[in-house]
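Me: I have a model open and would like to learn how to read it. Could you walk me through some of its features?

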Amino acid sequence: MKFASLVKNRKALIGLILFVLTCLLALAPGLFTTDHNPGVYGVYPPNLGPSTGHLLGTTSYGQDIYSQLVYGARQVLQIALLAGAFATVLAVLIGVTAAYLGGLVDEVLSLVTNVVLILPTFPLMIILAKYAGQSNTVMIVVLVATGWSYGANQMRAQALSLRNRDFLEAARVRGERRSYIILFEMLPTMTSLIVANFLGSALYSVLAASGLQFIGLGNADAQSWGTMLYNANNAEALQGGNALWIIAPGVAIAVLSAAFALMNYAFDEIGNPALRPVRRKDLRRSRRAERLAARDAAHPNAEKGASDVDSDLYADAS
Amino acid sequence: MSTPTSTPTPPDPDTDTAAGTADVGAVTGEPLLDVRDLRIVYDSARGPVEACSGVNLTVRPGEFVGIVGESGCGKSTLLFGIAQLHSAPARIAGGQVLFRGRDLVTLPPKELNDLRWRDIAVVMQSAMNALNPVRTIGDQFKDAILAHEKWSEERIRERSAEVLRLVAIDPVHLRSFPHQLSGGMRQRAMIAMALLFTPDLIVMDEPTSALDVVAQRSLMVQIKELQQQLGFAVVFVTHDMSLVSHFSDRLLVMYAGQVVEFGPTRTVFDTPSHPYSASLLEAFPSIRGPKVPLTGIPGDPPNLAHPPAGCRFHPRCPQVQERCRTEQPELFDVGGVGGGAVVSRCLKHHPGNPLAASVESAEPPKPAEAEVQPS
Amino acid sequence: MTAVDERPEAGPAPAGAPLLETRNLSRHFKVGGSLFSHQLLHAVDDVNLTIGEREIVALVGESGSGKSTMARLLAQVYKPTSGEIRFQGRDLAQLRGRSAQLKYRSDVPMVFQDPFASLNPVYKVSHGILRGMKLHRPDLTTQQARRAELLRVVSAVGLNPPEEIVERYPYELSGGQRQRIGFAQALAYRPKLILADEPVSMLDVSIRIGLLNVMAKLRDEEGVSFLYITHDIASARYVSDRIMVMYGGHVVEQGPTESVLADPKHPYTQLLLSAVPDPRAPLEVTTEAAKAEPPAVIDPKPGCRFRARCPLAVEACATVTPLLQPVEPAHKAACHVTAPAPGA
């Protein structure tokens, strides 16, 4: 059902196509190029222009740029998906736990989340990556460590709004364990937020990983778009008249990011109506309220928070 | 559809007898509000769903009209249609909403905006959702005023305090935030806000449903008092028929998007002409008298996407006859049973039908084309 | 399963103890709170409640009267500030271990107010019932047995055809149907007592009666007791055997339903009764008490909490908290004026 609506949405469709394309490059680079070792120096003459033999020309080290681009997809994608997934898992764990348990646990976890959130992440990443050495694992750890906090805040907010819903209280009164309630009652209602969060984290990881690689903190042995940029920059490709060496990986990074971003937006659009059974009534109420508000030129935000305040005084006072 | 005949009705100070002077079709002078054959549909993926099927309704100046029905019967949709507050996927598919002779359906948005709040105000079900939680009551009143008038700070303050006093709230609460007021006070503040420009018509969508019995009763009394004092007309939507019994002049009963009965409140209560109205009346337990087992109304309201053939109430009707399953009843004139005209959408009132209980009258004895309109 | 007809209202419980009773049950909440000072909201104060077997007890009061807090205390969502809850003679505070807790939860399930929020929207409506069986019905060992019981409870609450209903998602059901699912869920545990927190207040008037009839049917046919929490005294009259009126966290009147409603002693009960819209009766406008503010239950001082709205208030009401005094056998009221303490 969700897949079908994903295809119907134009943003989603474009994003999906770009993403699938990148996946194909990553899974079977051999299908797209005959040069299976694009990292080897001096195979071709340096600094060739585009031609049928070298679609994007060659680097000043005599490597085929197109082949490098094809082989570079795998690492970027790997990092993006793994880091995105781990960051999302961490965000869900921390955000939902904080919201559900409340009290001191919430205070501590929120504090940690907010501190990480306001840390200047890129400098931190540089330090971490520099310190821990240069490998994909380090890169992923660094990205997860700096990338989970935004999502955790979102998860916490959503979980908080769910926390006092009757169906969770019903599960508690039924005698369910906490872990069951969080995993099987709460998380399923948060699916679309979780997916959106994953896509957002993946996007962030693409950009951040490429950034780190660009300044030379990536795994220099593996082919990657960020590393290509690093090499091109070191070789002063732009000054040397070999602009494609820089432009090609730059465009590739932008395209993959766009794919994640488009799917993210689309999922937001599709995901919210999908959530309707949860809050069809709230929506209707808030729409009414909005109409009212619009008419007396008042204010746009007479919605969710309001009905929470309205709920049983005692439930809130606990 | 309406033929103006008798004298204009001033805001009637006496509720319970006002019903007696009411006459459904014959509208006095110019009606304040005249809804004609209003049809509102919701566009859905599976085609349009008609939530309001050809509703006729007149409201005279100073009159209190109650609209009752179960959830999903289209009563709130009708109310939104009257105030032109509906938004996609709902749209007006036909008919007119004449307010003082002007059709709100075709009125340009700007003129509509001028009209609303000044002349037609709306009070919603949940004040907490309609009020902005982070701004004071006074600020919100001010916004409402400034949207229509360029009044001075002084005048705004005075008027705000004045309307709050009208609903028996101390004006110090202009500085309060909504959450600092009790549920009943918030609802009264909403009504005060509706009164800012002393409108001619206030439409209310279950304004008391979030309140408990005592607060509910007190709010109803207050609305009635204000109405008598200021002379505005009220269209009041509720699912609780008993609530409006002492307050409305005329009562419109809706079922599955249609008007099934419309007449003076007292008459409808004392001698309900439509089986649905009768069932609704039977549906709540009495606090006095002997305790009798009640059945409520079995089943659920129909899905408006596929309303039942024939009379829409027939699957739940205790008096269903064979022809009800196939024949769609018109709104028949029941006559002045209790002093005012009542219309009812039940085949037992079909002219020529030997009244009620002839369960198997072989087949419809009549061609059944008598176009009886509520006029 | 012996029906307890003569219920002792207080004092040491003789043989045939009630199904559930509370003794001086109180629950206070901290409100407003800075680090150095907080106020205490007395949601429930010194409530003695008894519920017998096969009995529907109505707990009536306005919002803020503490009636929902009572339900949550009994459902063990909140812990009492003081006092005790005894179920089948045993103090709940003594319950140790998850299995004892689960046993209580299966004996005393709860039905929630808002049918639109009490079912998880991502699961079919059978989800909660099946989960409940998994937790509370070890006797149902096979898939088939659970399925049969599922269909039984769903049709027992008047949802037909059950095979079709259980396959639906919550948004495919009307409010009344969803609330019936709530009852079916409780019924699947083979409960002794169902806590019903305003189960019909969000439903249309026209379908409320159906739900109330379900409650009466479950009492008669399944032997379940109910604590029916409501602000609608007319529906309380329709379905309950005994009634308990709460105001500002105190019980102000209690007794057999007919006795209380025929001859209400406490002025608040009288006010509640007069506020019920009755189209068959002429309108009596008594807005004086109705307009007043809700009771002060934050750091309350001794005295009757209804006094600010009370037409009968005397001096003692402002200083001495009235206690429940018998006015008739089994009918008690807490009012200095209408039910004075003996010797006062």
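This is a predicted model: local features need pLDDT of at least 70, side-chain atom pairs count only at pLDDT 80 or more; totals for chains, interfaces and linings use all residues.

Me: How many residues of chain A are in contact with chain C?

Reply: Two residues are in contact if their C-beta atoms, placed from the backbone, lie within 7 Å. Here, 21 residues of chain A are in contact with 31 residues of chain C. Helices α8 (166–174), α13 (276–295) and α15 (313–317) of chain A each give at least two residues to that side; helices (H or I, at least four residues) and strands (E, at least two) are DSSP runs numbered from the N terminus. The largest share, seven residues, comes from α8(A). By class, the side of chain A that touches chain C has nine nonpolar, three polar and nine charged residues. Ala, Val, Leu, Ile, Met, Phe, Trp, Tyr, Cys and Pro count as nonpolar, Asp, Glu, Lys and Arg as charged, and the others, Gly among them, as polar.

Me: Which residues of α8(A) are buried?

Reply: A residue is buried if 20 or more other C-beta atoms lie within 10 Å of its own, exposed if 12 or fewer, and partly exposed in between, with C-beta atoms placed from the backbone. Eight of the nine residues of α8(A) are buried, so this helix is largely enclosed by the rest of the structure. Among them are F167(A), L168(A) and R174(A). The buried residues pack against α7 (149–163) and α9 (178–186) of chain A together with α2 (97–107), β7 (110–111) and α3 (126–136) of chain C. G175(A) follows α8(A) and has a positive phi, near 100°.

Me: What does chain B bring to its contact with chain C?

Reply: The contact takes 33 residues from chain B and 35 residues from chain C. The largest share of chain B's side, six residues, comes from α8(B). That side divides into 15 nonpolar, eleven polar and seven charged residues.

Me: How do I read two packed helices?

Reply: Two packed helices are described by the angle between their axes and the distance between the axes. The axes of α3 (residues 65–101) and α6 (residues 136–147) of chain A come within 9 Å and cross at roughly 40°. Axes are lines fitted to C-alpha atoms, for helices over the stretch in contact, and angles run from 0 to 180 degrees between N-to-C directions. That makes α3(A) oblique to α6(A); angles under 35 degrees count as roughly parallel, over 145 as roughly antiparallel, 65 to 115 as roughly perpendicular and the rest as oblique. The contact of α3(A) with α6(A) has ten nonpolar, four polar and no charged residues.

Me: What should I look for in the backbone of chain C?

Reply: Most residues other than glycine have a negative phi, and most peptide bonds are trans. The peptide bond from N160(C) to P161(C) is cis, with omega near -10°. N24(C), in strand β1 (residues 20–33) of chain C, has a positive phi near 50°.

Me: Is N24(C) buried or exposed?

Reply: N24(C) counts as exposed, because it has 12 C-beta neighbours inside 10 Å.

Note on methods. Residues are numbered from 1 along each chain as its sequence is written. Chains are lettered from A and ligands numbered from 1 in the order in which they are written.
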